[in-house]
Amino acid sequence: MFKYIFKRVLMLVPVLIGVTFIVFSMLYITPGDPARMVLGEQAPQESVDELRQEMGLNDPFFVQFGRYVYKAVVHGDIGRSYITKRPVVQEIWAAFPVTLKLSAMAMIIAMIVGIPCGIVSAIKQYSLFDNVVTVFAMIGISMPVFWLGILLILLFSVRLGWVPPSGFDSVSTMILPALTLGAQSVAIITRMTRSSMLEVIRQDYIRTVRAKGQRERVVIWKHALGNALIPVITISGIQFGILLGGAVLTELIFSIPGVGRLMVESIKMRDFPVVQGGVLFIAVAFCVVNLLVDLVYAWLDPRIKAQYVS
Amino acid sequence: MKAKGIKLCAAFCAAALSAGLLAGNPAIAREKKDPDTLTVANVYDAKTLDPFGTNDVASSGAMLHIYNRLVKLNDKDEVVGDLAEKIEQVDDLTYRFYLRKGVKFHNGEELKASDVVFSLKRSLAPSSGAVKHIVGAIDPDSIVALDDYTVEVKTLFPFAAFLPSMTHMGGGAILNEKAVTEAGDNYGMNPVGTGPFKLVEWNRGDKMVMERFEDYFGEKPAYKTLIIRAIPEGTNRTIELESGNVDIAYQITTNDVSRVEANKELKLLRLIDNSTTYLGFNCEKAPFDDVRVRQAITMALPTPQIIKAVLRGVGAPAVGPIAPNVKYANPDLKPMAYDVDKAKALLAEAGYPDGFKASIWTNDKKARIDIATIAQNQLKKIGVEVDIQVLEWGAYLEGLTQKKHDMFIVGWTCQTPDPDMAVFAPFHSSMKGNNNFTFYGDDEVDALLEKGRVTPDGPERQQVYYDIQDALRERGPWVFLYNDEQIIGTQDYVKGFTVSPFGFHDLSKVTFDGK
C-alpha cells in the first residue's frame, strides 16, 4: 500500500513540471506587459522599462523558466505577487480555506442530496419520483452557474430577505453559494448513483441474495449499496477537484474572496507569479484529492487493493 | 404513504417558491445596528496600500483614510495645508513647507521633516512609476530638511500645477521612514500613516477594516470602525444597501438607479466626475493623419444622442478634453455639429470619396462597446467601414503603446484639480505612446501646453487653457464622448458624506443621523 502511495506521489512530479511549463509559456505569450499593469497606464515608459529589468522580464523565456523552477525546487520559493509584493504562497494560503470551505459544503450538499435520490430513483425505476429526479438532474447539469446564482440571489436575498447576497463569513452567507456551486454536482452524482445502482441490482449475486429470501431492505443497503457506491466515490472525488479549481464563477457572483477570484483578478492585472502559483496549487490539490479517492476506493473494494498489496 | 409524502413536499416547495417570487420587497426595519461602524461597499479591493505602488481608485480611496499629504483641497477645491501648517513660495522654483508639530504616525512616531524628505524622494524613485507623472516636476536633488519641521523643495521648471499636484492621494502621501524600512516588501500590506484611521485587518478581495486613530491631529471621525468591502457585482451592492448591510454603496449601476431613488430609506447622490471618455485616432497612421478625416468622422457622429442612448441618463456628453469640474474647463465650448454631407465633402477633399476601412478598439466595458457599435452604423453613411475589436485590458494597453490601432475608445481621468493633468499627458508630443495614445502632437499645441504649466493662475492662464481646448476641438485627435458620473447610494441616516469627482471619497466626516 505504501508503495502504491509512494508511486502516486512520485507521479506528481511530471504532472507539476508539465503544468508549470504549460502555464509559464501561456503567460509568456499573453499580450500585456506586467510592468505596465503594475504601474498603471499613466506611468512613464522609463519607469516601466526599469521595472521590467528589475522583474527579469527582459530575459529569454528559458532563462525565466529555469529561474522559476530552480527557485521553486531549491528554495521552495514560487515568487512574490507583482502587485502586493506578498509571497505567492501567502496570497493563495489566505484565499484557499474559503474555497475549500465552499467546495466542501457544495460537495456535502451534492452527496446528501445526490446519493439518496439516485438510490431511490434506481429502486423505483421509471416511477414518478425517478422521472422528476431525471428532469431536475438534466436542469442541474445544463443550467449555467451564474444564472442559477443570480436566480437564487433574487429569490432568497431580494424577495425573501432570508440571506445576505454576498460575503462569506457566516453559515447564512455560505448557503446560496454552496447550493449554486453544488447544483451540477448534485445532478452528476444523482445520475451516477442511479445508473451504478441499477447495474448492481441486476447482478447475479443480488438475485441470489433475493432468492435466499433476504428482505429487500437488507438486499439494497447491505449487499448492493457498497458496490454501487464505488464509482460514485470516484466521480465525487473528481467533482471535488473540479469544484476546488472551478469555483471561479460562484466566487465572482457572490463576492467570495477565494482562490478562483484571486486568479481572475491576478490574470487581469498580469500578476504572473500569483497566476502561476495558483494553477500549480490547484493541480496539486486535484492530485491529492484523487490520491485520497483512490485510497478510499482501494479500501472499499478489496479487488483493487489486491493489485497493490501483492 | 411515501408517494403522498413526496407530493406534499413538492406542493410545499412550489408554494414557498411562488410566495417568495410574488411577495414584494419585505419591509426591513431600518435602524443603524451599530452606530460605531461605517460599512461601505466598493467595487474593487485596493491593490496595495503603498501609495507609490499604484494609482488605482480603490487603493486611493483606502489610502485617503490612512495617510495625509502636505497639502490638501478644501471644500472649494483650493489648496490648503494639511501636514504643512504653512507653505511659502520662495521663488519661481522653490517651495518651503512648515510642518505641524506633534503629528503622530500610527506606530507612535512623531512626524519629522526627515519623513517628508524620505517620502518625496521615494515617490521619485524608479519603482514609484505609478505616481511619477504626478510628482515628476520635483527636482530630486533639491529636497532638503532645513530643520526638524521645515522642508524645502525645488521644481525642475516653474510649475503652476505643482501644489495642486501635491494634493494627489498617492503622489503626495507622507510615510513614516522607519515603518517603510522595517516592513520592506511587506509595506504595502502594513501601511503606517498619520491619517484618521489605521488599518487593523485586510482580508484581500473581501474587506478592509480600519479603526479610528485616537492620536489623529485633525478632527476625529464620529465613529470607531470603518469597513470597506469589495463587491464587484453591481446588483449585489444595491441589494446589500437595500437590506441595510452597508451604509454606503459606490457605483450604483444604471439599472438600479430608479430602485434606489424609489426607496424612501435610501438616498442617491450623483456628480459628474473628472473622467473623459473619448474616441481617439491614431494620428500618425493614414488616413487619420489628415485632420479633415478626423473632422469628418467627428461630424458624422451624433455624439450627444449616442451617449443618451447608451448611458440612459447617466453621465453627460463631453464637450472638450477637460472635465467640467476641473479648473478652466470651458463650458461654452461648441461641439462640432452633426453634418453628414459636410463630412462626406471633407472625406472627398482628403482623397477618400468612397470612404475606407478601419477598426475601432475598445476594452470590454459595455458602454464603450455599445458606442462603438452605434458609431459603426453611423460611419457607414460616409462610407467608412468599421470593424470592432474588443480587447482585454492588458492586451489593449500593449496594443496602444505599440501604435497598432486605428481608432480606439478609452477614458482619461484628471487626477488633480489642475487642467495641466487633463491635457498635458494625453496631447503633448513628448508623451507619445505613453499617455498620448493618439500620437498627436503639433508645435502650437505643445507651446500652449508648456505655457499653461508655467503661467501663474489667473485670467491669462485661463485663456491659455481655453485656447488649448479650442485647438484640440478643431484638430480633433479625440472625439469627445462623455464624462462619467459618480452615482452613490447611502442610507437615509448617513450625513456629512460628499461625493468627490476623483472617484474616491472622504468617509471620515460621516455621521449618523439621530443614532
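## Salt bridges between chain B and chain A

Across the interface of chain B and chain A, three salt bridges are found. This is a predicted model, and the values below are computed from it. One salt bridge joins the side chains of A:Arg270 and B:Glu392, with N and O 2.4 Å apart. A:Glu91 also forms a salt bridge with B:Arg204, where the closest N and O atoms are 3.6 Å apart. This pair crosses between chains: A:Glu91 lies in helix α5 of chain A, and B:Arg204 lies in the loop between β8 (197–203) and β9 (207–212) of chain B. A:Glu91 has a relative accessible area of 4%, which is under the 20% limit, so this residue counts as buried.

In general, side chains of opposite charge can pair when their charged atoms come close.

## The interface as a whole

The contact between the two chains involves 48 residues of chain B and 41 residues of chain A. About 4000 Å² of area is buried between chain B and chain A, and carbon and sulfur atoms give 54% of that area. Five residue pairs are in polar contact across the interface of chain B and chain A, counting pairs with both residues at pLDDT 80 or more.

Several elements of chain B each supply at least two residues of the side that touches chain A: the helices α1 (2–22), α4 (129–135), α7 (234–242) and α13 (393–401), and the strands β10 (225–230) and β16 (407–413). The largest share, six residues, comes from α13(B). By class, the side of chain B that touches chain A has 17 nonpolar, 19 polar and 12 charged residues.

A:Thr84 sits in the loop between α4 (61–75) and α5 (88–123) of chain A. Its relative accessibility is 2%, so A:Thr84 counts as buried.

Which residues are in contact with A:Thr84, leaving aside its neighbours within four places in sequence? They are A:Glu91 of chain A, together with B:Lys47, B:Asp185 and B:Arg204 of chain B. With A:Glu91 there is a polar contact between the side chains, at 2.5 Å. A:Glu91 and B:Arg204, both in contact with A:Thr84, are also the two partners of the salt bridge at 3.6 Å described above.

## Chain B overall

Chain B contains 16 helices and 19 strands. The C-alpha trace of chain B spans about 85 × 80 × 40 Å along its principal axes.

Of the 515 residues in chain B, 57% are buried. Among contacts in chain B with a separation of 6 or more, 69% are between residues 24 or more positions apart.

## Helix α14 of chain B

Is helix α14 (residues 419–427) of chain B largely enclosed or largely open? Nine of its nine residues are buried, so α14(B) is largely enclosed by the rest of the structure. The buried residues include B:Met421, B:Val423, B:Phe424 and B:Phe427, as well as B:Asp420.

The cover over the buried residues of α14(B) includes the helices α4, α15 (443–454) and α16 (459–475), and the strands β16 and β17 of chain B. At the start of α14(B), a side-chain oxygen of B:Asp418 comes to within 3.0 Å of the backbone nitrogen of B:Asp420.

## Salt bridges within the chains

Over all chains, a search of the whole structure finds 36 salt bridges. In chain B, B:Asp484 forms one with B:Lys365, the closest N and O atoms being 4.0 Å apart. This pair links distant parts of the chain, 119 residues apart: B:Asp484 is in strand β17 (residues 478–491), and B:Lys365 is in the loop between β14 (357–362) and α12 (366–380). B:Lys365 is partly exposed, at 34% relative accessibility. Elsewhere in chain B, a network of salt bridges links B:Glu88, B:Arg96, B:Glu152 and B:Lys154.

In chain A, the side chains of A:Asp59 and A:Arg67 meet in a salt bridge at 2.8 Å, N to O. A:Asp59 is partly exposed at 24% relative accessibility, and A:Arg67 is partly exposed with a relative accessible area of 33%.

Technical notes:
Residues are numbered from 1 along each chain as its sequence is written. Chains are lettered from A and ligands numbered from 1 in the order in which they are written. This is a predicted model: local features need pLDDT of at least 70, side-chain atom pairs count only at pLDDT 80 or more; totals for chains, interfaces and linings use all residues. Side-chain values use heavy atoms; hydrogens and water are left out. Contact means heavy atoms within 4.5 Å. Buried area is the accessible area (1.4 Å probe) that two parts lose on being put together, summed over both. A polar contact is a pair of N or O atoms within 3.5 Å; within protein, one must be able to donate a hydrogen and the other to accept it, and residues adjacent in sequence count only if both atoms are side-chain atoms. Helices (H or I, at least four residues) and strands (E, at least two) are DSSP runs, numbered from the N terminus. Ala, Val, Leu, Ile, Met, Phe, Trp, Tyr, Cys and Pro count as nonpolar, Asp, Glu, Lys and Arg as charged, and the others, Gly among them, as polar. Buried means under 20% relative accessible area, exposed over 50%, partly exposed in between (1.4 Å probe, protein chains only).
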